[in-house]
Amino acid sequence: MLKINQLQCKVTDLQKAVSDFKELGFTVCWGADPERASNAFIYFENGPVIELFLMPDIAYYAASVFGVFYGSSAKRRWKYWCRSNEGWCDFNLKSDNEEASLENIGNIRNHVKNKNISVSRVIKGHRTQPDGQKLKFGYFVTDPVELPFITSDYHIKNTIKKVKHKNGAKEIEWVKVGVNDKNRNKLELLTGDDKKIILVPSEHTNIIEIGIKGIKNKLDGNRLHGAKIVSLD
């Protein structure tokens with residue numbers, strides 16, 4: 001069963017975004033050496049995490065080359081990320097059992113493809129954490145680009161320790177996703193009965209807001225770097 005694993009928050013200035021989220025009481029972990037990092041993460045006690053990421057200008061032009069190796073779906077997804085405004089621009093799903101391993105991502109791809117959903121080839125990625133540990137993972141993207149993509153676990157499990165937040169945040173309770181009639185069936189096939197995902201009718205398919213449990217200071221209506229967060233008791 002695929003479950004929501006990570007929310008993608010695109011930013012244009014990663015250093016500022018990390019600072020701003022820290023000011024709101026979140027603990028933010030750099031994805032790599034802060035001087036060179038293109039992403040950072042907000043982990044919770046349970047469930048999905050938030051990734052703050054930026055797309056360098058060259059990524060848009062590199063997308064075509066990327067597509068040669070991994071398929072047109074991958075090219076369109078990269079361009080979609082590049083064109084997106086700041087804020088919630090995507091999310092990914094992961095198997096909620098041992099099948100989420102890097103070695104099994106190809107089988108998960110075939111399972112999704114058999115649902116009559118277009119997918120890219122499997123993309124192998126890696127990143128080196130600030131402590132020097134290299135993490136390997138795999139993922140594939142779906143088509144159309146508004147649908148979530150699917151990822152594996154890191155090749156080394158339990159590498160990320162759960163963190164505490166000064167603002168009391170415990171976990172992402174729900175993700176409200178607007179979905180149009182064209183994409184609803186495929187999105188339902190992918191997300192299944194995931195209780196954290198709330199689908200609402202919308203002209204466009206996109207994340208509208210997320211609800212975070214445990215935050216002491218109210219963030220209702222707050223739109224930090226284009227990302228709307230609602231604090232829950």
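Me: In which helix is Phe69 found?

Reply: Phe69 is found in helix 2, residues 58-70, where helices (H or I, at least four residues) and strands (E, at least two) are DSSP runs numbered from the N terminus. Residues are numbered from 1 along each chain as its sequence is written, and this is a predicted model, in which local features need pLDDT of at least 70, side-chain atom pairs count only at pLDDT 80 or more, and totals for chains, interfaces and linings use all residues. Side-chain values use heavy atoms, with hydrogens and water left out.

Me: Is Phe69 buried or exposed?

Reply: Buried means under 20% relative accessible area, exposed over 50%, and partly exposed in between (1.4 Å probe, protein chains only). Because its relative accessibility is 55%, Phe69 counts as exposed.

Me: Which residues form a nonpolar patch on the surface with Phe69?

Reply: Patches are made of residues with over 30% relative accessible area and no salt bridge, like charges being joined within 9 Å and nonpolar side chains (Val, Leu, Ile, Met, Phe, Trp, Tyr) within 5 Å. Here Val65 and Val68 form the patch with Phe69, and together the three have about 330 Å² of accessible area, by the Shrake-Rupley method with a 1.4 Å probe, where for residues only the protein chains shown count as cover.

Me: Which residues are buried in helix 1, and where around the axis do they lie?

Reply: An α-helix has 3.6 residues a turn, so residues three or four places apart point the same way. In helix 1 (residues 14-23), the buried residues are Leu14, Ala17, Val18, Asp20 and Phe21. They cover an arc of only 165° around the axis, which puts them on the same side of helix 1; the arc is that of the directions from the helix axis to the C-beta atoms.

Me: How many salt bridges are there?

Reply: A salt bridge is a side-chain nitrogen of Lys or Arg within 4 Å of a carboxyl oxygen of Asp or Glu, and by this rule the count comes to 11. One of them joins Lys196 to Glu171 at 3.3 Å, N to O. This pair links distant parts of the chain, 25 residues apart, with Lys196 in the loop between helix 5 (181-191) and strand 12 (197-201) and Glu171 in strand 11 (residues 171-179). Both Lys196 and Glu171 are buried.

Me: Which residues are linked in a network of salt bridges?

Reply: Lys176, Glu209 and Lys228 are linked in such a network. Within it, the closest N and O atoms of Lys228 and Glu209 are 3.3 Å apart. Lys228 lies in strand 15 (residues 227-232) and Glu209 in strand 13 (residues 206-213), so the pair ties together parts that are 19 residues apart in sequence.
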